[in-house]
Amino acid sequence: MNVLFLTNEYPPHVYGGAGVHVDYLSRSLCSFANVEVRCFGDQRSASENLTVRGFPVARDRIQTAPDILRSTIGTIDRCVQFNALPVAADVVHCHTWYSHFGGILAKLLYDAALVITTHSLEPLRPWKKEQIGRGFNYSSWIEKTALEMADAVIAVSRSTKEDILAHFNCDPDRIAIIPNGIDTGEYRKTEEREALDRYGIPRDLEYILFVGRITRQKGIIHLVRSATYLDPDIGIVLCAGAPDTPEIAQEMKEKVAELKKTHPHVYWIEEMLPKNRIVQFYSHASLFCCPSIYEPFGIINLEAMSCGTPVVASKVGGIPEVVVHDETGLLVPLEQESLPPFEARHPEKFARDLAAAMSSLMSDGEKRKAMAEAGRKRVCDHFSWHAIAGKVYELYQHVQGG
């Protein structure tokens, strides 16, 4: 079988969980099918059963567009480029709304079966309007159109399937639940700490770790607020970059500066670190915190658990299907507004509740150790990429009538 992946992110240009997913899934699927990846960027590589081709933005065609719409128009342009090169795939598999127009064209022009993995859903991310303006109208429309005409839709959790059915006119029988996975060989505890030394993290510091983009979705501002309720001797390490907007970047700077006045052990690494360094930060953290206000799955929690780090996370979306409360970590309820932007209804209460959960584990080393062992075992037992790739290939066979 010939499979074509269409995606925004692909190594080395990865900034979020969708890019991690596409990286590992494409490589794991090579044992089942011939895989081609067309992505945003300048990549060009070929190996057995896997070819990758990047499509740079055509700057001459979009340079006159309004700044806030330039990325959206560039997205449409590259989706057209995806299809200007002939498509000979049996199945076209799209990841995130950036690639959906390309998948629609491939289905209509080349008669390829269309499969879409829902890494997130636009109706549940209204803060994207801050980032792309009226481009959000396009992303919402193209997502709805693509999901409703797809031959199969992959939801990464039961919660995500429920959200799809609530917001789109999709046949439940066309929605398959297949979770994200992780490479437990790459994400495993290490004694290496070169990365921590590089950024000045004291060797005797017990710290809570955050890894992710600076965005409303990831809830990092809630974590910074909650840290004010923690013992000042507890370290806070924020591996946080790629802010969605200048406004949230500025808000982050102000909140961190305020926190540092009372908590001396706050370290903010303002860049997206490579995998080998992130593994070191996971491995030496006492806790990992995931304060997301929206998370269809939360692959970041798998990474922490795989490295033997217990998790404190908000009880939203697919996170409870990954983190087992009181076994691999603690889940903190988040009461949200029922209308956009779906933010915390009582942000100070959420901050205090997060702090209480983190404090309780920071004061109980034995419980953290037990959770670390249980988390690693859960990841190894349920979330290997090879098993997940097998399920995806079975879905391809189904949509092909095999």
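Strands β6 (residues 113–118) and β7 (residues 152–155) run parallel and are joined by four bridges. Within this pair, Ile-116 has Val-153 of β7 as its bridge partner. Helix α6 (residues 135–149) packs on the sheet and touches β6 and β7. The direction of α6 makes about 125 degrees with that of β6. Contact means heavy atoms within 4.5 Å. Axes are lines fitted to C-alpha atoms, for helices over the stretch in contact, and angles run from 0 to 180 degrees between N-to-C directions.

The model is predicted: local features need pLDDT of at least 70, side-chain atom pairs count only at pLDDT 80 or more, and totals for chains, interfaces and linings use all residues. Residues are numbered from 1 along each chain as its sequence is written, and side-chain values use heavy atoms, with hydrogens and water left out.

Now the whole sheet. Eight strands form an open sheet with mixed pairing, in the order β3-β4-β2-β1-β5-β6-β7-β8. The edges are β3 (44–47) and β8 (175–177); each has a single partner strand, so one side of each lacks a neighbour in the sheet. From one strand to the next, the twist averages 20 degrees. Two strands pair if DSSP finds at least two bridges between them. Helices (H or I, at least four residues) and strands (E, at least two) are DSSP runs, numbered from the N terminus.

Phe-288 has Val-311 of β13 as its bridge partner. In β13 (residues 311–314), Val-311 and Ala-313 point one way, Val-312 and Ser-314 the other way, and all are buried. Buried means under 20% relative accessible area, exposed over 50%, and partly exposed in between (1.4 Å probe, protein chains only).

| Helix | Residues | Buried residues |
|---|---|---|
| α9 | 220–227 | eight of eight |
| α12 | 299–306 | eight of eight |

Helix α9 is therefore largely enclosed by the rest of the structure. Its buried residues include His-222 and Arg-225. The cover over α9 includes β9 (207–213), β10 (235–241), α10 (246–260), β12 (287–290) and α13 (347–362). In α12, the buried residues include Asn-301 and Glu-303. Gly-308 follows α12 and has a positive phi, near 75 degrees.

Next, a helix pair. Helix α1 (residues 17–29) packs with helix α15 (residues 385–399) at an angle of about 75 degrees, their axes 9 Å apart. That makes α1 roughly perpendicular to α15, a label for angles of 65 to 115 degrees; under 35 counts as roughly parallel, over 145 as roughly antiparallel, and the rest as oblique. From α1 come His-21, Tyr-24, Leu-25, Ser-28 and Leu-29; from α15 come Trp-385, His-386, Ala-389, Val-392, Tyr-393 and Tyr-396. Of the contact residues, eight are nonpolar, three polar and none charged. Here Ala, Val, Leu, Ile, Met, Phe, Trp, Tyr, Cys and Pro count as nonpolar, Asp, Glu, Lys and Arg as charged, and the others, Gly among them, as polar.

Finally, two single residues. Thr-245 sits in the loop between β10 and α10. Thr-245 is buried, at 5% relative accessible area. Its side chain reaches the backbone nitrogen of Ile-248 at 3.1 Å. Leaving aside residues up to four places away in sequence, Thr-245 touches Glu-130 and Gln-131. Ala-370 lies in helix α14 (residues 365–382). Ala-370 counts as partly exposed, at 45% relative accessibility. The C-alpha atoms of Ala-370 and Glu-327 are separated by 7.8 Å, with the residues 43 apart along the chain.

Note on methods:
A polar contact is a pair of N or O atoms within 3.5 Å; within protein, one must be able to donate a hydrogen and the other to accept it, and residues adjacent in sequence count only if both atoms are side-chain atoms.
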